[in-house]
Every structure is written in C-alpha cells, then in structure tokens.
Amino acid sequence: MIYSGYIRRQPLISKEASALSEPAAIRAYRVLEHMIVTLELAPASFVTEGALIDRLALGRTPVREAIQRLAWEGLLDVRPRAGIAIAPLHPGDWLRVLDARRGVEVVLARSAARFVTREAADLFHEAALAMQKAVISGNVLAFIQADKALDEALAMAADNPFAARLAAPLQTHSRRFWFRYKADTGLAESAEHHVALIRSILDGDEEAAAKDAKRLMALLRGHAEAAATR
C-alpha cells in the first residue's frame with residue numbers, strides 16, 4: 001500500500017492543463033525522451049530533424065532545443081549531413097550507468113527525506129498510486145511514466161539542483177535499459193522497491209531512505225548483470 005499519513009491536497013489544475021502550460025521546448029523534450037526510452041525511436045537508427053519536427057508538430061526551434069539537450073545527455077548523436085543517430089543499447093553499458101547513478105541516488109534520497117514539502121509529497125503520492133495501478137493492469141508504458149514522475153518528485157523534494165541535474169540523464173538511460181531488458185517481468189518487484197523508498201522519504205527517515213535507494217540500485221544492478229550475460 002502507498003503511504004497515507006498525510007492529507008492529500010487536490011491539484012489546482014489538471015495534469016493536461018499543466019502540460020500544455022509548459023514551454024514548447026520542454027514538451028518536445030518530454031515527447032522525444034519518451035520515444036527514445038520506449039524504443040519507439042529504435043536504438044542505433046537514424047532520423048532527420050525535419051522528420052521529428054513534422055512528427056511532434058511543435059515548431060522547429062523547440063524541437064531543435066530538445067534535440068540539443070538529448071544529445072548532451074547522450075541519447076542522440078547529431079551528425080552533420082548524416083542525420084541524427086539514436087543512441088545504441090549495449091547491455092554492458094547499463095552496469096556503467098548504474099555505477100554512476102548509485103551514489104547520487106543516495107544523496108537525493110537522504111536530502112528528500114530531510115526537506116520534503118507538502119507539494120513534493122503530493123507528487124510522490126501520485127507517482128506511487130500510478131505505479132501501483134500500472135502493476136495491476138500490466139501497463140508498462142504507464143509504469144515508465146510513473147517512474148519518471150517519481151524521479152521528478154525526488155528532484156523537487158531533495159532541493160539539490162546539482163545532484164538532480166546529474167541524476168536526470170542517468171535515470172533516463174537506466175529507464176531505457178530497463179524497458180528493453182526487464183519490462184516484461186519486473187513491474188511488481190520494481191514497484192515494491194520504489195514505494196518503500198517513497199515511504200521512507202515521507203516519514204522523514206534519512207537513513208531508511210538511503211538504504212531503500214541502495215536496495216533499488218542493487219535490484220537494478222541485478223537486472224543489468226543478467227542482461228549483460230545474455
């Protein structure tokens with residue numbers, strides 16, 4: 001069960017309205033990131049900027065900004081006169097991502113437990129509920145979105161933009177590997193670890209939050225090790 005030790009406020013605006021109020025470049029980034037994570041843009045494939053602009057229908061400048069950000073994060077490779085290459089997926093790289101991610105996740109978990117606000121708590125609650133619904137329905141895409149929402153709640157609660165900026169691309173890479181190699185069997189176990197982390201954060205227990213973050217990273221590392229030996 002999700003944590004219910006506080007009164008949840010009703011959102012002032014719908015998620016749809018909130019999304020529409022975001023700058024076009026942010027919306028373009030979110031859509032492209034989701035397409036890369038869920039392999040709608042296939043690993044090691046090529047696409048053109050024009051094709052992405054037509055597909056997203058958000059304008060040239062926002063899409064170009066999103067492409068540049070994703071290239072900086074290592075998810076795209078812009079090659080002049082050749083197009084845009086989608087980052088390949090090599091199973092062994094998942095281990096490298098997790099080695100880099102583990103420490104910063106512990107930092108974020110501790111800080112989130114120390115500084116979590118009511119606004120961030122609401123986001124954690126919504127992410128946990130969405131994750132559990134995704135497990136019940138077996139909806140992998142909904143689970144991926146809930147996982148992304150949880151990471152964003154963690155970034156907000158931790159009040160450490162330096163750690164959050166370091167973690168975000170690593171989280172995206174890890175999510176992409178998980179979708180490719182574990183999504184068919186890993187929903188319930190992954191949700192259990194995520195919800196345990198949320199409980200510790202909302203309880204304000206820094207030590208427990210750090211331990212839960214380490215357990216989650218250990219779970220993912222086990223998946224990565226299995227993928228690397230296939």
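**Notebook: charges, fold and one arginine**

I began with the charges: the mean positions of the 30 positive and 28 negative charges of the protein lie 2 Å apart. I counted Lys and Arg as positive and Asp and Glu as negative, leaving out His and the chain ends. Each charge was placed at NZ of Lys, CZ of Arg, CG of Asp or CD of Glu.

I note that the model is predicted: local features need pLDDT of at least 70, side-chain atom pairs count only at pLDDT 80 or more, and totals for chains, interfaces and linings use all residues. Residues are numbered from 1 along each chain as its sequence is written, and side-chain values use heavy atoms, with hydrogens and water left out.

**Overall fold**

I recorded 10 helices and three strands, taking helices (H or I, at least four residues) and strands (E, at least two) as DSSP runs numbered from the N terminus. Along the sequence I read the order α-α-β-α-α-β-β-α-α-α-α-α-α. The radius of gyration is 18 Å, close to the 17 Å that the globule rule gives for 230 residues, so the protein is as compact as a globular protein of that length. That radius is taken over C-alpha atoms, and the rule is 2.2 Å times the number of residues to the power 0.38. I found that the C-alpha trace spans about 55 × 45 × 35 Å along its principal axes.

**Surface and contacts**

I looked up the accessible surface, which comes to about 11700 Å², with 55% of it belonging to carbon and sulfur atoms; the method is Shrake-Rupley with a 1.4 Å probe. Of the 230 residues, 45% count as buried, meaning under 20% relative accessible area (1.4 Å probe, protein chains only). Among contacts (heavy atoms within 4.5 Å) between residues at least 6 apart in sequence, 79% join residues at least 24 apart.

**Strands**

I traced the pairing next, where two strands pair if DSSP finds at least two bridges between them. Strand β1 (residues 46-47) is joined to β3 (residues 83-86) by two bridges, and the two run antiparallel. Strand β2 (residues 76-79) is also antiparallel to β3, with four bridges. I84 in β3 stands opposite V47 and is the bridge partner of V78. β2 and β3 form a hairpin with three residues between them, and R81 in the turn has a positive phi of about 65°.

**R101**

R101 counts as buried because its relative accessibility is 5%. Leaving aside residues up to four places away in sequence, I listed D151, L170, Q171, S174, M217 and L220 as the residues that R101 touches.

Definitions and conventions:
Buried < 20%, exposed > 50% of the residue type's maximum accessible area, 1.4 Å probe, protein only.
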